[in-house]
Amino acid sequence: MEQRRGEPGRARGYLAGCVVAVLLWSLASAQIRYSVSEEVNEGTVVGNVAKDLGLDKGTLTDRKYRIVSSGADPLFHVNQNDGVLYVSRKIDREEVCAQSSTCLINLKTVLENPLEVHYVGVEVLDINDHSPSFPEKEKRLEISESVLPGVRVQLKPSRDPDSAHFSVQQYKLSNNDHFRLEVKDKGDDGKIPILVVQKSLDRESAASHSLVLTALDGGKPPKSGEMNILVNVLDVNDNAPVFSKDVYSVMLDENAPVGTTVVQVNATDSDEGPNGEVVYSFSNSISQNILNLFDINPSTGEITVKGLIDYEHKDKYEIEIQASDKGLAPLVTEKSVIIQIVDVNDNAPEIEVTSFSNSIPEDSRPGTTVALISVNDLDSGLNGKVICSIGEDVPFALSPSLQDKMYSLVTKSPLDREKQSQYIITVVAKDAGQPPLSSEKTINVVVSDVNDNSPEFSLSPYTFYVPEANKPGASVFSVKAFDADENDNAQISYHIFRQGSEDNKVTSFLSINSENGDITALKSFDFETLKTFHFHVVASDSGTPSLSSNVTVHVFILDQNDNAPVILYPVSSNGSAEGVEEIPRNVNAGHLVTKVRAYDADIGYNGWLLFSLQEVTDHSLFGLDRYTGQIRTLRSFTETDEAEHRLVILVKDNGNVSLSATATVMVKLVEPKEAFAASDVKSSAKADEENNVTFYLMITLGSVSALFLISIIVLIAMQCSKPTDCTSKYLQETNYDGTLCHSIQYRSGDKRYMLVGPRMSIGSTIVPGSHANTLVLPDRRGASGEVREI
């Protein structure tokens, strides 16, 4: 009993002693702080520790005052005689503290008998003893001449071992007209220079550009380093590599073995050959530290561990990678890969997909189960309690099951295969330990197609121009529709919608290939009979039920020179173009003998007629106006002139292959009295004939003008709804250079017409009246232009 009563007393005494010792220790301990510049000479005084701590200098030697250091070559030592702290050797701040903002060295000094510990902090001040330097003295860049202003090219940054404002503070680029410099501040990774194209490049004008990039630190005066940049301007291909994901984010356990796959990026290039072969590499802005930790396979895009991954050193890496093709002027696409380092414990959760549907229809309702997922963790307690999650950017969600550690992967919103046909879902399982452990598993969900998209035509409406006299059975034009669905749901068939209307008469002679949309005319078109028509084409897919859409096709018939001129006067009784004109022998020069009248069913140049004398007995007597067809005397008749003259007039149009007709006029010279009597009878008959001809011509021209006016109104309405590029409004010609438009004016009777069409290149053939683009202009007698008399 006495022994037991003594034990609590001894415990209380021991506790009281510990408290007293701690109080004495705290009173004996103190901390002071000095500062010294790096690179000072050995033996430089840092400070008088004994004086600043208030220690008795006479007892320093007896009490063995010293600095406790574990290093073999300490930076500082203290003099036991006077307590002065000295520099033992030259201090390189960049070696001791790397690029830390503050370099503080804590020294522990000890006095014995009794034991006293004093902490002394020495801050090593940085000096500007290093100049910025680039990893490369010369950088060669290849940039396409077709790049737009604003293209950015990241360059490798300059490194300066100094810290704070003595490190790299700014970059300067030599003066030039094509490039400017931007600087991206990445915090601890320093400032990254970015070369920006500010003016379009022209390889033919300058095949290369020589630039100088200068890095400056914050010293006074600042130190600098330079890198020569040679930019080679190259022609590039059309398509840059495209990554399969917008963002790559993965988690990596610390202390992962060398060679561990971090993530495999994938990029595709739609080009062929070397221009479509993708090569992966790290971006130029990657620091040397990251290059020492990670490696990338240039062929497969697989990022692997190269060095020791330490969570305590850094828990997250953002690596910028780039995919480039093998074209002569490679195109480069950059992407960020975020690697989250996980501080692991004994066991990470395990994920198992116990049931999985390989594909899911795009019309599945929200809540449809895609997969059953079970998780397991060999740990217990909080370390074995697992929570599963997936990304928020996918239309799926994890639904907890009634059974513990079981989840259902279900749809949370409607799917659309046409927007995304495949989802790579990353399931992350994380336990509740400290620090938490996690693992992940990727599930590939394929969205199957349903017929929910109707075919869409590439144009609406279609407008085609077809020359008349086309070859029956030959393809004249084609339509094309596309369906966003796939397989049978995207297999399109075409047919012409026929209905009981006026256009049905024309469409009955049209046939369409149900597979490719080629439209064939079963007969030749005649511009003089039909100038324009329209019909509807229906495109249907092969889905169940089938979806369809239709488009209106407007067809304009183009005039060809297929009608020869028709002589309206003179016309003899037997139908041949022959006539007899009697004139007095005493007429003066300039007398109107007669007027040859002709008509051409074609339009434009094809209907523009010119008159010429093919045969004449005496060229000095008669003259013919080439535009009006008027025959006049050139001089007065003499007694020696023959009494009868035969004139053969050639009437031809202005088509590419000119068509013509001839008329014969017999001119008889009579005495004035005979001519007067004959002229009365002839003028009466001729007046009646001309009145009939004029009446028929007015009806014909009125009908043709009305049809043309309707066609032009329809054409103008269609063209106003499209862009104003003139080249898109006409039938594409093989000789058309696609740059300018031309207009041609001509006169028909008392109306003026203007032909509007594409300008043809030198040496090409202009088809007058092509595209049926004829406009009726107000009559201006003073305006220039050719005249056609009918």
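Which residue in β14 is the bridge partner of Glu138? In β14, that partner is Asn228, and the strands concerned, β8 (residues 138-144) and β14 (residues 224-234), run parallel and are joined by seven bridges. This is a predicted model, in which local features need pLDDT of at least 70 and side-chain atom pairs count only at pLDDT 80 or more, while totals for chains, interfaces and linings use all residues. Residues are numbered from 1 along each chain as its sequence is written, and side-chain values use heavy atoms, with hydrogens and water left out.

**Strands and their pairing**

- Helices (H or I, at least four residues) and strands (E, at least two) are taken as DSSP runs and numbered from the N terminus, and two strands are said to pair if DSSP finds at least two bridges between them.
- Strands of a sheet pair through backbone hydrogen bonds, in either a parallel or an antiparallel sense.
- Besides its parallel partner β8, strand β14 has an antiparallel partner in β13 (residues 208-217), to which nine bridges connect it.
- Ser144, which is found in strand β8, is buried at a relative accessible area of 3% (buried means under 20% relative accessible area, exposed over 50%, and partly exposed in between, with a 1.4 Å probe and protein chains only).
- The side chain of Ser144 makes a polar contact with the side chain of Ser146 at 2.8 Å, where a polar contact is a pair of N or O atoms within 3.5 Å; within protein, one atom must be able to donate a hydrogen and the other to accept it, and residues adjacent in sequence count only if both atoms are side-chain atoms.

- Three bridges hold β43 and β47 in the antiparallel sense, and Thr594 stands opposite Ile631 in β47.
- Thr633 has its place in strand β47 (residues 630-633) and is buried, with a relative accessible area of 3%.
- The side chain of Thr633 reaches the backbone oxygen of Asn588 at 2.9 Å.
- Leaving aside neighbours within four places in sequence, Thr633 is in contact (heavy atoms within 4.5 Å) with residues including Ile583, Val587, Asn588, His591, Leu621 and Phe622.

**Salt bridges**

- Side chains of opposite charge can pair when their charged atoms come close.
- With a salt bridge defined as a side-chain nitrogen of Lys or Arg within 4 Å of a carboxyl oxygen of Asp or Glu, the count comes to 15.
- Arg152 forms a salt bridge with Glu182, the closest N and O atoms being 2.4 Å apart; Arg152 lies in strand β9 (residues 152-154) and Glu182 in strand β11 (residues 179-185), so the pair ties together parts that are 30 residues apart in sequence.
- Arg152 is partly exposed at a relative accessible area of 47%, and Glu182 is also partly exposed, at 24%.
- Lys184 and Glu320 meet through their side chains in a salt bridge of 3.5 Å, N to O; Lys184 lies in strand β11 and Glu320 in strand β22 (residues 316-325), so the pair ties together parts that are 136 residues apart in sequence.
- Lys184 is partly exposed, with a relative accessible area of 31%, whereas Glu320 counts as buried at 7% relative accessibility.
- Glu615 and Arg646 form a salt bridge whose closest N and O atoms are 2.9 Å apart, linking distant parts of the chain, with Glu615 in strand β45 (residues 610-616) and Arg646 in strand β48 (residues 644-652), 31 residues apart.
- Glu615 is partly exposed at a relative accessible area of 40%, and Arg646 likewise counts as partly exposed, at 38% relative accessibility.
- A network of salt bridges links Arg417, Glu418, Asp449 and Glu486.
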